[in-house]
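Subject: Structure handover

Hello,

I am passing this structure on to you. Please open it alongside this message and follow the notes below.

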Amino acid sequence: MSSNTLDRSLVLDAVRVTEAAAIASWTMVGRGDEMAADQAAVDAMRNALNDLSIDGEIVIGEGERDEAPMLYIGEKVGRGGPTVDIALDPLEGTTLTAKAMPNALAVMAWAPKGTLLNAPDTYMDKIACGPGYPAGVIDLDKSPADNVKALAAAKGVEPSQITVCVLDRPRHAEIIASVRSVGARVNLITDGDVAGVINTADPATGIDLYLGSGGAPEGVLACAALKCVGGQFQGRLVFRNADERARAARWGVTEFDKKYDLHEIVRADAIFAATGVTSGALLDGVGFKDGFVHTHSLVMNSSTGAVREVRMKRRV
């Protein structure tokens with residue numbers, strides 16, 4: 001096994017971690033308390049990680065140490081074993097959970113030590129599509145309309161048959177207008193851009209392209225998923241002030257305007273896992289019935305190309 005490949009036993013371990021976080025956060029679905037929902041997921045995920053035989057370091061987490069008491073960037077987890085970088089979002093969609101809306105997920109990825117981009121907690125401009133297209137078919141430096149037309153041509157359809165997922169934010173008004181100017185559909189989501197990017201890789205969702213700016217840490221997680229299925233991704237960090245640039249520099253970012261592709265963000269084989277908290281396009285949410293808890297997860301391993309759906313049923 002090369003140093004850039006993870007042991008396959010870590011596939012099931014990854015699912016156990018996201019299952020634990022999803023089940024814990026489900027108890028806060030619809031209760032209107034985003035912080036409590038996130039804390040429940042953080043506690044459960046941290047406990048699950050510390051139960052594993054890994055030597056893990058959080059590189060994408062809840063924030064820097066002075067901002068996050070647990071699962072902070074640089075925190076060590078596990079009982080010892082393979083050395084891994086860990087990117088995680090214990091609850092991707094805190095607002096979705098608090099309001100009992102679709103598409104909330106517990107998400108985690110890991111890769112060999114030193115191979116995940118230490119993305120600072122800033123914004124990132126993103127573009128992504130699923131597998132099966134020629135390399136370079138999408139480009140962050142092209143207009144949204146031109147990207148839609150290029151993807152449509154590669155797919156062999158008219159631009160009107162392309163659906164683009166975009167976070168519903170005022171900052172994306174120009175992107176939305178550009179996409180619609182060539183007749184393409186826009187699928188607006190309120191939160192959860194990790195799921196938005198991953199949806200481009202699943203034909204069942206009907207999403208062809210993802211565009212817009214969102215959290216840079218979420219970009220790393222989405223790249224880990226696309227690494228497993230062969231999609232394309234480009235991202236560029238967005239800095240709103242000098243403090244954000246200084247924070248990025250502390251984590252080793254030296255080219256502030258660099259356009260990263262997927263394989264520069266995730267530089268080795270990775271394992272990605274997600275478990276549904278609330279039901280959505282990608283996964284069913286946690287359920288309790290007849291004394292059993294049910295979960296629906298997705299786990300991917302880029303070293304084998306395997307993508308598994310995992311349904312767990314456990315007595316409670």
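Predicted model: local features only at pLDDT ≥ 70, side-chain atom pairs only at ≥ 80, totals over all residues.

Annotated sites

The UniProt record, an unreviewed entry, gives "binding site" for Asp38 and Glu62.

Asp38 sits in helix α2, which covers residues 34-50. Asp38 counts as buried because its relative accessibility is 18%, and the cut-off for buried is under 20%. Apart from neighbours within four places in sequence, Asp38 is in contact with Glu62, Leu91 and Thr94.

Glu62 belongs to the loop between β1 (55-60) and β2 (76-77). With a relative accessibility of 25%, Glu62 is partly exposed. Leaving out neighbours within four places in sequence, the contacts of Glu62 are Asp38, Val42, Ala68, Met70, Leu71 and Pro90.

UniProt, again in an unreviewed entry, also places the feature "binding site" at Asp89, Glu92 and Glu218. This set spans 130 residues in sequence, but no two of the C-alpha atoms are more than 8.5 Å apart, so these residues too gather at one spot. Asp89, Glu92 and Glu218 are part of the lining of the largest pocket.

Asp89 is in strand β3, and Glu92 is in strand β3 as well. Asp89 is buried, at a relative accessible area of 11%. Glu92 is also buried, at 4% relative accessibility. Not counting residues up to four places away in sequence, Asp89 touches Leu105, Ala106, Val107, Glu218 and Leu221. With that exclusion again, Glu92 touches a list of residues that includes Asn103, Ala104, Gly192, Asp193 and Glu218.

Pocket and cavity

The largest pocket holds about 650 Å³ of space. It is lined by 27 residues, and those closest to its centre are Asp89, Glu92, Asp121, Gly215 and Glu218. Elements giving two or more residues to this lining are α2, β3 (83-92), α3 (94-98), β8 and α7 (216-229). The largest share, four residues, comes from β3.

There is one cavity of 30 Å³ or more. About 40 Å³ of space lies in the largest cavity. Among the residues that line the largest cavity are Val59, Ile60, Gly61, Gly63, Asp121 and Pro217.

Helix α4

Helix α4 has 12 residues (144-155); at 1.5 Å a residue they should span 16 Å, and the end C-alpha atoms are 16 Å apart, which agrees. Which residues of α4 are buried? They are Pro144, Ala145, Asn147, Val148, Leu151 and Ala152. Seen down the axis of α4, the buried residues fall within an arc of 160 degrees, so they line one face of the helix. The buried residues of α4 pack against β5 (123-129), β6 (163-167), α5 (173-181) and β8 (209-215). Just after α4, Gly156 takes a positive phi of about 80 degrees.

Regards

Methods: Residues numbered from 1 in each chain as written. Heavy atoms only, no water. UniProt positions renumbered as here; feature names shortened; annotations may be inferred. Buried < 20%, exposed > 50% of the residue type's maximum accessible area, 1.4 Å probe, protein only. Contact = heavy atoms within 4.5 Å. Expected span 1.5 Å × (residues − 1). Arc of directions from axis to C-beta. 1 Å grid on protein atoms, 1.4 Å probe; cavity = no way out; pocket = protein on both sides within 12 Å on 5 of 7 lines; lining within 4 Å. Points joined across faces, edges and corners; volume = space filled by probe spheres on them.
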